Amino acid sequence: MALHKFLIEHAIWPAMEKRKGNKIREIQRALEKSQYEDVAALQRERLTELLLHCKAHVPAYESVLPDETAIRQDPYAALRCVAPLAKRTFQAEADAHLADNVPQSARIANCTGGSTGQPVRFFMTRAQVESYEAARWRGLGWYGITQGSRSVMLWGSPIELSQQAQLKNRIKESLLKNRQILSAYHLSEQELAKQVAFLNRYKPEYLYGYASILTAFAQMMEHQGLSLKLSLKAVVSTSETLEPWQEELLERVFRCPVANEYGARDAGILAYQCPEGGMHITAENCVIEVLDPKTHEPLGVGKSGVLAVTDLHNFVQPRLRYLLGDVAGLSGEACRCGRTLPLLTHVEGREDDLLLGHDGVLVHGNIIGQLLRPVPGVSAFQFRQKSQQEARLFLVRQTPDAEIDEASILAQIKKALPDTVVTIEYVDEIAPTASGKLRYAIRECPLPGCQKS
């Protein structure tokens, strides 16, 4: 075992667990045990506990849920007494979802990345965060990846931070997480050889990143005849839909398994793909329902619909039957790996897009969310790039008289897309895609050199 990896797993993590009371690895060990046991019984027990808590302490659900006897008798039937919760509804009624017995000191403020164009602000607790992380490490563990495993993220630097803060963040990533970051916002064929050389030198155990960026990276490598001179345990795709053709490409170019991670900042790690190909739901942490897009009635096994998620560890601001906007289905099959966790079918939606930057540099559409999310007065947004030289930015004001600093917005976008002239247009609403999501970055022109074969 490399010294850095050894120190992280046998010195840094134990010290963190002792000093801060961190329970991630303790929860992970429990998950590794429950995945082969009666997970349905554990889920039922946790759902019952959550619903009783909501009935007693959460104003939004006090009059909606049935009495204690009914909840204990059939918690799933009791859950269905609650109407599915849209993000917009939650935003309007957020305070009513706060539990009256969780002190303000225990609340951790968070916000979604705005991938739907409508960032959602919410509170979490430490127990939630740790349960999410434990689920991620269990999934990574299926590929022999541990907390000290060296990795490279094809991601993006936190642009809101100062240069000094970014340097501090990079040092923290390297020393405490054994991880380096290659920017997902600036990727070009000219720099590809240097990046491949870095990977061969650094020798990560796995790669982690957006599906679209991993795909573009692999396509460029294949086009230039480049390959990695190392053996990866896995390529982990996250944040976006991973299509079968993309998975095949990644397996071919990187010569290793591809792990599909499905989750959301406001819902945790919902499912993880095992080496046998099964997309296992984290049933110990959540209840996932598949609903008809129009009626919101539950759909049977094998049918595709919108996902409603109930986080079983969310006791601070519960969101029962929360609609993420993603589309998928439940599988009635058992995975060959032997785990008792239920299976999710292919997830649709969550389509981020790659934009064309200066000299053909690929700029990940996620940067639009990062730039627009903090802007006061903006409730929704969508960026449409018609060509490398032309784009439109649609904005929805939070209130009719909201003042928006257009010059600042355009200046920030100019830094990322210097060749693109952006026109701002105000609209009353932004139409969702067929899957029900509001995409915030859409490229309407071809992407040279990165076309699906």
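Biologist: Is Glu-276 buried, partly exposed or exposed?
Modeller: Glu-276 counts as partly exposed, at 39% relative accessibility. Buried means under 20% relative accessible area, exposed over 50%, and partly exposed in between (1.4 Å probe, protein chains only). This is a predicted model, where local features need pLDDT of at least 70 and side-chain atom pairs count only at pLDDT 80 or more, while totals for chains, interfaces and linings use all residues. Residues are numbered from 1 along each chain as its sequence is written, and side-chain values use heavy atoms, with hydrogens and water left out.
Biologist: Which side chain does Glu-276 meet in a salt bridge?
Modeller: That of Arg-336, at 3.4 Å, N to O. A salt bridge here is a side-chain nitrogen of Lys or Arg within 4 Å of a carboxyl oxygen of Asp or Glu.
Biologist: What does that pair tie together?
Modeller: Glu-276 is in the loop between strands S8 (268-273) and S9 (279-281), and Arg-336 in the loop between strands S12 (322-331) and S13 (343-344), so the pair ties together parts 60 residues apart in sequence. Helices (H or I, at least four residues) and strands (E, at least two) are DSSP runs, numbered from the N terminus. Arg-336 is exposed, at 69%.
Biologist: Different topic. Where do Glu-173 and Lys-177 lie?
Modeller: Both are in helix H9 (residues 163-177), four residues apart, about one turn of the helix. Glu-173 is buried at 8%, and Lys-177 is partly exposed at 35%.
Biologist: How many salt bridges in the whole structure?
Modeller: The search finds 15.
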